[in-house]
Amino acid sequence: MKNAVGREIPEEALAVKLTNGRQYEPYQGKGYRDGKYIKKAGPTTKVYQKPIESKILPSIRDAVIACGLKDGMTVSFHHHFRDGDYIVNMVMKEIVDLGIKDITIAASSLGSAHDPIAEYIEQGIVTGIQTSGIRGKMGDVVSHGKLKTPAILRSHGGRVRAVEEGDVHIDVAFIGAPTSDEYGNARALGGKGDCGVLSYAVVDSEYADKVVVITDTLVPYPNFPPSIHGVNVDYVVKVDEIGNPKKIASAAARMTQNPRDLMMAENVAKIMAATPWFKDGFSFQTGAGGPSLAVNRFLEPLMVERGIKMSWGIGGITGPICELQRKGLVGKIIDVQDFDVAAIEDIRTNPNHYEMTASEYANPANKGAFVNKLDFVVLAALEVDIDFNVNVITGSDGVLRGAPGGHPDTAEGAKCCVIVTPLTRGRMATICEHVVTVTTPGDCVDVVVTDYGTAVNPNRKDIIEALDAAGIKHVPIKELQEKAYSMVGRPDDLQWKDKVVAILEARDGTILDVVREIKPYEI
Amino acid sequence: MELKAVGTAGTLESSDVMITLEPTTSGGIVFDSFESSVINQYGRQIKAEVLASLERLGVKNAKVIVNDHGALDCTIKARVECAFYRGCQCDMDGKFDWGGVIR
């Protein structure tokens, strides 16, 4: 059955069983589930009526045993420690050493720090993966069909919806936290390796049957105000290190000096300034990629010139937006994840820099997340096709190596979604006829800015009019694709086997696309 | 003009291709190794470009090693031609066949 972005969704994918029995549907288009109802799935939690002094257990192994973790269960993790994370590998090693098998990992994201999990997949111990990001060895083994069930890939908002709706039930959540007290009140500041916020882990703490907080810095009770509330936590474990602080946050998200990136960023800022939403009190999010991040720098003079301010900025926070706020140009920063030391330092000291939960950020099934009030979002892409569909998950070889993250959430929510990407990367045409995998549907993407020109989604007549009025040149996206192919040649289609190795969920829980097992190329 | 020794041209940089030609006396054109960072989408075209260039240069027999990092067709042609002339070990004194066998 073909879905609303023209992708064939096979029966094999539609038949995948969700925990709550919900039947998968193919993607139906933007806003499909609006106004419908969901019944939230509650966890089964233990009563702690008799006072105890402490929930601290001596080791992760003890916590795994105390939680009653057994074959077939689902465990969860968050990804605030990014490439510096030790928690996933430490916990999974204990689970495997205890001989527990048939485990599903439901993480907010996974990265190259988690290469050891690839081996557990090959051994058939880890049989399910539900995540946003999948990279490195894990992406490789999954793409080669080694995981027993198809991986389920979701946006950050889509994951919260899936947990709340009961598509996935978390048996035990393991939450790494920079600080915790003996009752599990956990914060992301004041420890050996701070990550700034714990936004993605909040839904795990509220919906998992058992919750374990793992920290390397125990602090006196009560560790307030907490990101993870002790009332939701069963056990606390102290370890030597939860992660490598140097990799948790990069020293600084470096501002690009690449003239191509800067030119594209300047054009994005000019396009934003030509739309009706660029007025006093506008709201904004950028991705952390080179050209997207550089947009901050070009917005500043335009804001000063017009005498306008941004009321709030959200998202993965980096130094440049904090810098803009210090100059008095941003009202509030609402933070779901920190990408650099500058952002973590800022939330530590700045009263107008707030932590929010992943649900508040991007959940499509709550009563209105921040993304629904967003004016502009500027995002990157691996590929964009002539229907404006975006791919951020599969490489040109068809192997899983990315993450939808907040891309589909902000793209659907924002009034104006701008993708900024060079026309070609090496021999790869970024603007192509058909993306390898659809991760953000074209009906949510409004403007595509490249180094060879700008294209506007023909559905957005209002933006076309605004750009025409401002004298900003734009071309049909087909022209950009043809220009790209004239430079690098027309790519051959990738060769796939039949097996579905991953399901790309739209944020509303319908199926946007599937990824199949790759066929090795033979010359 | 014929291949006398191993001729190599190109680098392992991004957007370049390293081509190595080794003379053989029979067996036609044989790819000893063929690697590319974009093999899934452009492997067929890279191979065709290398074979067409060798044919133009009149190379009937050779072992060929291709190590590509996303080179465009013009680069592939240039590297094959250069590897060939290096392998021929003769002083051309600048008299290359521009626009003829060299495209």
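Q: A residue is buried if 20 or more other C-beta atoms, placed from the backbone, lie within 10 Å of its own. How many of the eight residues of strand 25 of chain A are buried?

A: This is a predicted model, in which local features need pLDDT of at least 70 and side-chain atom pairs 80 or more, while totals for chains, interfaces and linings use all residues. Residues are numbered from 1 along each chain as written, with chains lettered from A and ligands numbered from 1 in written order. Strands (DSSP runs of E, at least two residues) and helices (H or I, at least four) are numbered from the N terminus. Strand 25 of chain A is mostly covered, and its buried residues number seven.

Q: Which strands of chain A stand at the edges of the sheet?

A: Ten strands of chain A form an open sheet of mixed pairing, in the order 1-10-9-6-2-3-4-5-24-25. Strands pair if DSSP finds at least two bridges between them. An edge strand has a single partner, so one side is left without a neighbour in the sheet; this holds for strand 1 (56-57) and strand 25 (511-518).

Q: Which residue is the bridge partner of Ile503(A) in strand 25 of chain A?

A: Strands 24 and 25 of chain A form a hairpin with five residues between them, and Gly509(A) in the turn has a positive phi of about 90°. The two strands pair in the antiparallel sense over six bridges. The bridge partner of Ile503(A) is Val514(A).

Q: In strand 6 of chain A, which residue is the bridge partner of Val75(A)?

A: Strand 2 (residues 74-77) and strand 6 (residues 172-177) of chain A run parallel, joined by two bridges. The partner of Val75(A) is Val172(A).

Conventions
A residue is buried if 20 or more other C-beta atoms lie within 10 Å of its own, exposed if 12 or fewer, and partly exposed in between; C-beta atoms are placed from the backbone.
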